[in-house]
Amino acid sequence: MSQELTQEQARRVAVRAQLLDGSATSPLDTVRRLGFLQMDPIAAVATPQQLVLWSRLGSYDRAELDRLLWKEKSVFEWSAFIWPIEDLPLIRARMREPWSHLKRDQWAKEFLAEQSGLRRYVLRELERRGPLLSRELEHDAARSNERHTWWGTRVQLIWMLELLHRRGKIAIVGRRGGQRLWDLAERWYPDTETVPLREANRRLTEKRRRALGVWQENGSWKSHADIASDPVSERVTLLSPFDRLIHDRDRAEALFGFYYRIEIYVPKAKREYGYYVLPILRGDRLIGRIDTRFDRAADVLRANAVYAQADAPEEAGSDVLAALRSLQEWLGAGRLEIGRTPRIWADALPR
């Protein structure tokens, strides 16, 4: 059953479904409710997986995610996402998915066939000596061949590890100095039921839809009838550029009237707002954005520039400052420095 919503109601449902209304209780519950956490190495402030949790939980223990991954094993890492362990049967169905006719899949299929010696070596060494870092694996089979003369030993090995991981043969079982530790999947993942691919995709799609809260259908906003659309608190937080509330840029613009693009790969002179810009969420409205960077060497959280939307309320300035202070405390930054500020919040945001 679904219900048709006004745009205002749809915003409330979207915020509530993403646990941005202050209802998040723990990192594990948050991962379960969101369905997954996207991972990315860019950590101008913090990694996306950590920043997404902070946006919902506030100042939580950053070591908690590692504990859930490597000690409790209540979540797992696959394909650059962190998933709740309950979804492993669904992900395993995707691991078994036949290669498509897409060029990248056909390349991967051919690579695994051509590099069968390297494949056997990796699996044998992990069985014998695992867990291992990629640099602890070396083999003649990883040398360049006549078809791919531009490949070096390490590139071939890294691709083999990635593809074996994608196919569910090996697993990421920890990290050492930020580098991934690999081992046989059968020694890391628990036994699970077997779910057909079509059923797995259906269930994962439904989980994603519930986590997003709302969708557009024939020009109208729809949501599940059991998700409340009443007002949410005017809690102020900052969002990761990879946050699922704004991940679909067109959806974010249609829902919030907020045009947002990541400018990380835009030349500096052509950036409109900055390298790593965090949208400001207040209640069910996106009211501005901040070009933010954690200068670890100087121990400073820098809000290089703060921008307010045209309809941003003046009284929100003090809450924006409180959110920045909370982020500073969570990161352990010694100082907060604020650069350019909008006139409407100039008194609340000291420079």
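This is a predicted model: local features need pLDDT of at least 70, side-chain atom pairs count only at pLDDT 80 or more; totals for chains, interfaces and linings use all residues.
**Exercise 1: Positive phi without glycine**

Look up phi for Lys73 and for Asn218, then decide how exposed each residue is.

*Solution.* Take Lys73 to begin with. Its phi is near 55 degrees, which is positive even though the residue is not a glycine. Lys73 belongs to the loop that runs between helix 4 (63-71) and strand 3 (75-78). The relative accessible area of Lys73 is 30%.

Now turn to Asn218. Here too phi is positive, at about 55 degrees, in a residue that is not a glycine. You will find Asn218 in the loop between strand 8 (214-217) and strand 9 (220-224). Its relative accessibility is 77%. Exposed means over 50%, so Asn218 counts as exposed.

**Exercise 2: Sorting aromatic pairs**

The structure holds 11 aromatic pairs. Classify the pair of Trp70 and Trp188 as stacked, tilted or edge-to-face, and do likewise for Phe81 and Trp83.

*Solution.* A pair of aromatic rings is described by the distance of the centres and the angle of the planes. For Trp70 and Trp188, the centres are 6.4 Å apart and the planes meet at 45 degrees. Stacked needs an angle under 30 degrees and edge-to-face one over 60, so this pair of Trp70 and Trp188 is tilted. Trp70 is in helix 4 and Trp188 in helix 9 (residues 185-188), so the pair ties together parts 118 residues apart in sequence. With a relative accessible area of 15%, Trp188 is buried.

For Phe81 and Trp83, the distance is 5.9 Å centre to centre and the angle between the planes is 55 degrees, making this pair tilted. Phe81 is partly exposed at 21% relative accessibility, whereas Trp83 is buried at 8%. Phe81 and Trp83 also form one aromatic cluster with Phe36.

**Exercise 3: Arginine over a ring**

Which rings have Arg62 and Arg289 over their faces?

*Solution.* Arg62 lies over the face of Trp330, 5.4 Å from the ring centre. Arg289 lies over the face of Tyr273, 4.2 Å from the ring centre.

Notes:
Residues are numbered from 1 along each chain as its sequence is written. Side-chain values use heavy atoms; hydrogens and water are left out. Helices (H or I, at least four residues) and strands (E, at least two) are DSSP runs, numbered from the N terminus. Buried means under 20% relative accessible area, exposed over 50%, partly exposed in between (1.4 Å probe, protein chains only). Rings of Phe, Tyr and Trp (its six-membered ring) pair if their centres lie within 6.5 Å; planes under 30 degrees apart count as stacked, over 60 as edge-to-face and the rest as tilted. A charge sits over a ring if NZ of Lys or CZ of Arg is within 6 Å of the ring centre and within 35 degrees of the ring normal.
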